[in-house]
Amino acid sequence: MSAQNNQHGWWLGMADMLTQGVGHGVMKIERVHLAIADETFGILERVPVTQPWSRVVRVSHHGISRLCYRSVSLAATGAGLAMGSDPKTFRPAKCTGV
Amino acid sequence: MPSNPMSRWQHHTSAIASGFFGDWLESRRNPLAVSLALLHSGTELDLAHPEIDNASGTLCISIHGLMELETVWQLPNTHGESYGSMLSSSVQGGVTDLVLRYNTGRPIYRNGQDLSEMLEKLVSSWPVPVTRLILLGHSMGGLVIRGACHAGSTAGHRWLGLLSDCVYIGAPHDGSWLAKGAHSMAGMLNERPRDYLKVIGEVIDLRSEGIRNLSRGEFLEQGGDEPPLLPDTRHYVICGLLARSRKHPVNAWFGDALVHEGSAQGQEKSGWQLAGVATFPGVDHLRLAHHPDVANQLQEWLV
């Protein structure tokens, strides 16, 4: 395999790892964000003054957040596919000295 | 896209990525996964037809540790000298210095099996009859040696009869405190009811099989009784300690930074008969792979 193919493969591999990482990482961040927000909304729901609105705000907050995070995740996955970092096309890189 | 050969930072990035996620990268056939190779003077050997100038009958094969590359063996302030090449000038008939490069995120037993197969091919095709085989393993590399010995014994490989010396340099035979800590932390966080704590546990759990094996020094495919050290081979252990004073508490807490002295010596193993044990206070885990004092010790043991 030529140096050019090695470089090309390496960058495709990097793109695959990064896009997969962003795609999955964003979903983890979504869970952390919503779980922490639930703690706050839980307190607001126990306060009589904020109780009527907290449920509505929680639903809209979670909905908007999910939409944002999943859009980023989808975009990352799409970017990975667009860059051609498809495992079916990967070939092992030839070993060269460092 | 650049067309020049891969640079040093790219090789190191691949090694680090392989250490963390090597099994996952391999399953995706991702080119970042480091492929198994035996190198001589920075060039990959063709195992079927190894072309080497001045091939000697004694081979010294150095096996690096987690997230490392073969460059870890280069002694500082030398022209690319390593433990293997330093032996060459002292051992009668010379020593051919070979280094292994492998994906450190794969399960250790699989790397051991592949190393065993590789050595079998190598001794068969070597330009001159192989009379002596020396294996040096740093950190995870020490466990890979044990995995290869086990795989070779099971398969009845011929190279085991040529193996004279195994040197385990900072190898976590009883596990690494950091890998144990990661294992415990992930288990504890995964049991928490809060989702944000579980996520941290899940992220820690993304670590490769290779790292998981380091928590207990595992080199077998399935849990079970570990085979003893090969009886007809000399086994040596080298340990490092962070502080220069042996009694400094930091040595008891962290050992050489990643491996405790007791784990490197396999103190929890029964029936170990070691031909030599040496501890180097003030030499940390990484420097054990390229330290002049260690080189002198190896000369004393192996020449």
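Which residue in β6(B) does Leu135(B) stand opposite? Leu135(B) has Cys166(B) across from it in that strand.

## About the model

This is a predicted model, in which local features need pLDDT of at least 70 and side-chain atom pairs count only at pLDDT 80 or more, while totals for chains, interfaces and linings use all residues. Residues are numbered from 1 along each chain as its sequence is written, and chains are lettered from A and ligands numbered from 1 in the order in which they are written.

## The sheet of chain B

Helices (H or I, at least four residues) and strands (E, at least two) are DSSP runs, numbered from the N terminus. In chain B, eight strands form an open sheet with mixed pairing, in the order β2-β1-β4-β3-β5-β6-β7-β8. β2 (43–44) and β8 of chain B each have a single partner strand, so one side of each is left without a neighbour in the sheet. Strands pair if DSSP finds at least two bridges between them; β5(B) and β6(B) do this in the parallel sense over six bridges.

## Helix α10 of chain B

Helix α10 (residues 292–302) of chain B has the buried residues Val294(B), Leu298(B) and Leu302(B), where buried means that 20 or more other C-beta atoms, placed from the backbone, lie within 10 Å of a residue's own, and exposed means 12 or fewer, with partly exposed in between. Seen down the axis of α10(B), these buried residues fall within an arc of 55°, so they line one face of the helix; the arc is that of the directions from the helix axis to the C-beta atoms. The face turned away from the buried side carries the exposed residues Asn296(B) and Glu300(B).
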